[in-house]
Amino acid sequence: MRRKLLRKRLLPGLLVLCLLLALFSGCGKRQEKSEYVLYDLNADRTDFIEENYTPTKTKAKDMAEEMLNDMSSDKSSGNRLRPIPSEVGIQSVTLDQESGLLTVSFSRAYSNLNGAEEAMTRAAIVKTLLQIRGVTMVDFQVEGTELVDENGNVVGAMDESSFVEGMTRADSPKNSTELTIYYPSADGSALVAQKKKVTYSSNIPIYRVALNCLQKKPKDSDLNPAFPSTAKVLSMTVADSICYLNFDTNFRTSSSNVPLKTAIYSIVDTLTELSSIKGVQISINGENVSLSDDDETGIIFRRDTTLIQEDDSKDTD
């Protein structure tokens, strides 16, 4: 009789304990941080809001397409905004599995985003996509052409170092450094080294800053830019210490008095001053540039100082 009475008293308590354990166990699972998050934006588009995310796809490219679709603004709610405006379409997503470069091509409507809005949109998308295993860099295109910033400079491939928390175009931190730029001489026969102090936004790769310098004629100097101001950089990416540059046809014009070899090594010797770059491959509309018929396809130019002559002048602009 005592055993039956004890059993009757213990059973309700055990049932309650089991229910509590199940409840807390369930709560614990719901509170676990997901392996992935979507980076949404606040209502003012000035800060990120993280949202736990579980993709249904497993392959990197498929997962990227799924995430991009879920980041469309037609799925926004309340003060949490999806970063991709509804009018911006996603034309294609490609992944180079060897380099880890994920290229996303948007519709022309992406170009309508203003500076601050575009910067935060881009940061939210890139931070989200870089979580995917196998994706090490993200490159943006608009209608198949490389994305340019408000100054007309190609943004290029972006990685984890391209953005800082809370970044906006207005208050993005600035970096200052001194670059060695090798400009073609007045007659185009040699390269002249100039030290140039530059201040630039921290979300712009330094190799992009160096290339911008090469396209502008130094002030108070008879030196030449490496390539015409009308030339457009269609793409610029760095992978495995090699910089891949693709220009439009304006890279070589009849008005330029800089020989092709001088132009090439103006770029190569300038970029290889940077520790992250050991070689440069140059293309025009996707066709690799070479200096002779004997050069193999896809030649990578390495540093060559034979054209360099000394010059101690500085350009501080």
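Reply: Met137 belongs to strand β5, which covers residues 137–142. Strands (E, at least two residues) and helices (H or I, at least four) are DSSP runs, numbered from the N terminus. This is a predicted model, in which local features need pLDDT of at least 70 and side-chain atom pairs count only at pLDDT 80 or more, while totals for chains, interfaces and linings use all residues. Residues are numbered from 1 along each chain as its sequence is written, and side-chain values use heavy atoms, with hydrogens and water left out.

Met137 has a relative accessibility of 11% and therefore counts as buried. Buried means under 20% relative accessible area, exposed means over 50%, and partly exposed lies in between, all with a 1.4 Å probe and protein chains only. Leaving aside residues up to four places away in sequence, Met137 touches Ser99, Gly100, Leu101, Leu102, Leu130, Ala157, Met158, Asp159, Val238 and Ala239. A contact here means heavy atoms within 4.5 Å. One of these neighbours, Leu102, is 35 residues from Met137 along the chain, yet their C-alpha atoms are separated by 6.1 Å.

The bridge partner of Leu102 in β5 is Val138. β4 (101–106) and β5 pair in the parallel sense over six bridges; two strands pair if DSSP finds at least two bridges between them. The open sheet has four strands, ordered β3-β4-β5-β6, and its pairing is mixed. β3 and β6 (145–146) are the edge strands, each with a single partner, so one side of each has no neighbour in the sheet.

Two helices lie on this sheet. α3 (115–129) lies across β4 and β5 and runs at about 140° to β5. Axes are lines fitted to C-alpha atoms, for helices over the stretch in contact, and angles run from 0 to 180 degrees between N-to-C directions. α2 lies across β3 and β4, at about 150° to β3. In α2, residues 60–70, the buried residues are Ala60, Met63, Ala64, Glu66, Met67, Leu68 and Asp70. They pack against β1 (36–41), β2 (48–53), β3 (90–96), β4 and α3. An α-helix has 3.6 residues a turn, so residues three or four places apart point the same way.

Glu143 lies in the loop between β5 and β6 and has a positive phi of about 55° although it is not a glycine. Glu143 is partly exposed because its relative accessible area is 36%.

β9 pairs with β10 (residues 242–247) in the antiparallel sense over six bridges. Ser235 has Asn246 in β10 as its bridge partner.

In their contact, Tyr207, Ala210, Leu211 and Leu214 of α4 meet Ser266, Ile267, Thr270 and Leu271 of α5. These residues divide into six nonpolar, two polar and no charged; Ala, Val, Leu, Ile, Met, Phe, Trp, Tyr, Cys and Pro count as nonpolar, Asp, Glu, Lys and Arg as charged, and the others, Gly among them, as polar.

Thr270, in helix α5, counts as buried because its relative accessibility is 2%. Its neighbours, not counting residues up to four places away in sequence, are Thr180, Ile181, Tyr182, Ala210, Leu214 and Tyr265. The side chain of Thr270 reaches the backbone nitrogen of Tyr182 at 3.0 Å.

As for the chain as a whole, it has five helices and 14 strands. Of its 317 residues, 48% count as buried. Among contacts with a separation of 6 or more, 60% are between residues 24 or more positions apart.

Conventions:
Polar contact = N/O pair within 3.5 Å; in protein donor to acceptor, adjacent residues only side chain to side chain.
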